[in-house]
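New notebook page. I open the model, look things up one at a time and jot down what I find.

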Amino acid sequence: MTSVRQDEPVRPTNRDEVAAAGSELIGGPIGRRALFGTSWLTPVRFVALVAIGMFALGMVQKLPCYNGGWFFGTTTQYTHACYSDIPHLYAGRGFADGLAPYFDKLPGDMEYLEYPVLTGAFMQLASWMTPHGGSIQQQEQIYWLVNAGMLMICAVVIAVCVARTHRRRPWDGLLVALAPAFALTATINWDLLAIALTALGMLKWSRSRPLAAGIMIGLATAAKLYPVLLLGPLLVLCWRAGAWRAYGRVVAGTAASWLLVNLPVMITHDVTGFHIREGWAKFYTFSQERPIDFGSIWLLISQRTGNPLENANTYATLLMILGCGAIGLLTLYAPRRPRFAQLAFLVVALFILTNKVYSPQYVLWLTPLAALARPRWRDFLIWQACEVMYFLGIWMYLAYTSNGDKHQGLPTEGYQLAIALHLLGTLYLCAVVVRDILMPERDVVRRDGDDDPSGGVLDRAPDVFVLGRTYHEPRHALHFEGQPRVRWGVVQD
């Protein structure tokens, strides 16, 4: 007998051993007769409240710096692992002096703000809400608080979008809300703005609204470069499904919204004609010219070999191209069309792993994608543990190298181990996602009867172009006790 259970929500405590064990803290697993949506505290609202609570704990973790570590002592902000770019760049990028980003030159080596336009607007808005009276220390403290409040809104948007993207899996939003690395790194920089817009774009795509999804992805790209990478997975997925109309709409929306935000800042005019504004281009030239930096595989190789790797840009670009080609072939050869979230995670992880820098806050880029691509607590927490270890490692390393001859902290060899650990943690999660693509019966989302709940127009769509063999039930597939067998979203009892 075959039945399709489209409306029944997935209870992670019945599917995930770690979730079941963790649920004992609040009374045990959700029962069969639990009623959803009958009270104010729905799963999505619960996820939002947890996200606010964890974000607040992350702010508390920054208290040693707020009370002096950002302003006094050489290494206090490192030994307490509470560093943030936000208060330092308030004065360092001219906001304290009322300078306009991209238009006014900055004193010092950094002539213009080195962030994309929408992030610059976010920073400027926070500076307008910061009183300019009192000492510079007080202004920087308030500036961080204002930014933290705005970023908290972004964090809630991200968690809610993840909870709503897979209609039957709202509790997967807890992976984001409870992620320890997410809380620790949320206020290091302004990345949450781009991540929130990206999450909104993926939510719109899952609701079969490609134009709106494109608009969100374009705005996200105007805040950070990486969201434009999502157009690559959508290209090969729409190619395999023949959904060219939807792909055209998402590309058009992306281009239109990105240009709408960037053109007013991008173009300047004088008697000789139109030109690209130097301040606008600073983000792109800085990204191209910056040397290898913290957390990257290139820094690890350089420190171990003594080679400065001056051609790291070329190496990173080649690896990125090869990796994208491999992801494309994987998509077209996979026995069943991969889920959008799986490919989005892989392509962003590839970009981070091959990049010249792997900053501790880059874990924020991957967290919502990981929650959608592999909503399994064990694998998610293994990866998060690696990122938390790296979070501690980089600050201890900076403490070691910043306090002169005292050398209190983590020496170079220890920091190299921390780099290797967080690179391996990301690679581990990538390997599990690739395995799920090659063996769809191992995919926890599809095992519960879904096809591609984040896929929108791609969900349950037939293939029109496949290079490999189409999916068939393996003869000796391993089926866990109590788990439904799945064939293209159909649950067999």
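**Entry 1: an arginine to start with**

In which loop is Arg-374 found? I find Arg-374 in the loop between α19 (363-373) and α20 (377-402). Helices here are DSSP runs of H or I with at least four residues, strands are runs of E with at least two, and both are numbered from the N terminus.

Before going on, I note that this is a predicted model, where local features need pLDDT of at least 70 and side-chain atom pairs count only at pLDDT 80 or more, while totals for chains, interfaces and linings use all residues. Residues are numbered from 1 along each chain as its sequence is written, and side-chain values use heavy atoms, with hydrogens and water left out.

Is Arg-374 buried or exposed? Arg-374 counts as buried, because its relative accessibility is 4%. Buried means under 20% relative accessible area, exposed means over 50%, and partly exposed is in between (1.4 Å probe, protein chains only).

I listed what Arg-374 touches, leaving out residues up to four places away in sequence: Asp-379, Leu-429, Val-432, Val-433, Arg-435, Asp-436, Arg-442 and Val-444. Contact means heavy atoms within 4.5 Å. I also checked Asp-172: it sits 202 residues from Arg-374 in sequence, with 9.7 Å between their C-alpha atoms.

**Entry 2: the whole chain**

I stepped back for the totals. The chain has 22 helices and 5 strands. It has 493 residues, of which 56% count as buried. Taking contacts with a separation of 6 or more, 72% are between residues 24 or more positions apart.

**Entry 3: what the record says**

I looked up the UniProt annotation, from an unreviewed entry: "transmembrane region" covers residues 40-60, 142-162, 174-199, 211-239, 314-334, 340-359, 380-398 and 418-438. UniProt positions are given in the numbering used here, feature names are shortened, and annotations may be inferred rather than shown by experiment.

I checked two of these spans in the model. Residues 211-239 are 69% helix and 0% strand, with 18 Å between the end C-alpha atoms. Residues 340-359 are 75% helix and 0% strand, and there the end C-alpha atoms are 25 Å apart.

Now for helix pairs. Two packed helices are described by the angle between their axes and the distance between the axes. Axes are lines fitted to C-alpha atoms, for helices over the stretch in contact, and angles run from 0 to 180 degrees between N-to-C directions.

Helix α3 (residues 43-61) and helix α8 (residues 136-165) cross at roughly 145 degrees, and their axes come within 9 Å. On the α3 side I picked out Val-44, Ala-48 and Phe-55, among others, and on the α8 side residues including Trp-144, Leu-151 and Arg-164. By class, this contact has 18 nonpolar, no polar and 1 charged residues. (Ala, Val, Leu, Ile, Met, Phe, Trp, Tyr, Cys and Pro count as nonpolar, Asp, Glu, Lys and Arg as charged, and the others, Gly among them, as polar.)

**Entry 4: α13 against α14**

At what angle do α13 and α14 pack? I get about 165 degrees for α13 (residues 231-241) and α14 (residues 244-266), with the axes 9 Å apart. That makes α13 roughly antiparallel to α14 (under 35 degrees is roughly parallel, over 145 roughly antiparallel, 65 to 115 roughly perpendicular, the rest oblique). This crossing is left-handed. Among the residues in contact are Leu-231 and Trp-239 of α13, plus Trp-244 and Tyr-247 of α14. The classes come to 8 nonpolar, 1 polar and no charged residues.

While in α14 I looked at Val-251. Val-251 is partly exposed, at 30% relative accessible area. Its C-alpha atom is 9.1 Å from that of Ile-217, 34 residues away along the chain.

**Entry 5: α17 against α18**

I find α17 and α18 (residues 340-354) packed at about 165 degrees, axes 9 Å apart. That makes this pair roughly antiparallel, and the crossing is right-handed. The contact includes Gly-323 and Cys-324 of α17 and Phe-351 of α18. I noted 11 nonpolar, 3 polar and no charged residues there.

**Entry 6: two positive phi values**

Leu-309, in the loop between α16 (297-305) and α17 (312-333), has phi near 50 degrees, a positive value in a residue other than glycine. Leu-309 is buried, at 12%.

Ala-81 also has a positive phi, near 50 degrees. Its place is the loop between α5 (76-79) and α6 (85-92), and it counts as buried at 5% relative accessibility.

How values were computed:
A crossing is left-handed if the near helix is turned anticlockwise from the far one by less than a right angle, and right-handed if clockwise.
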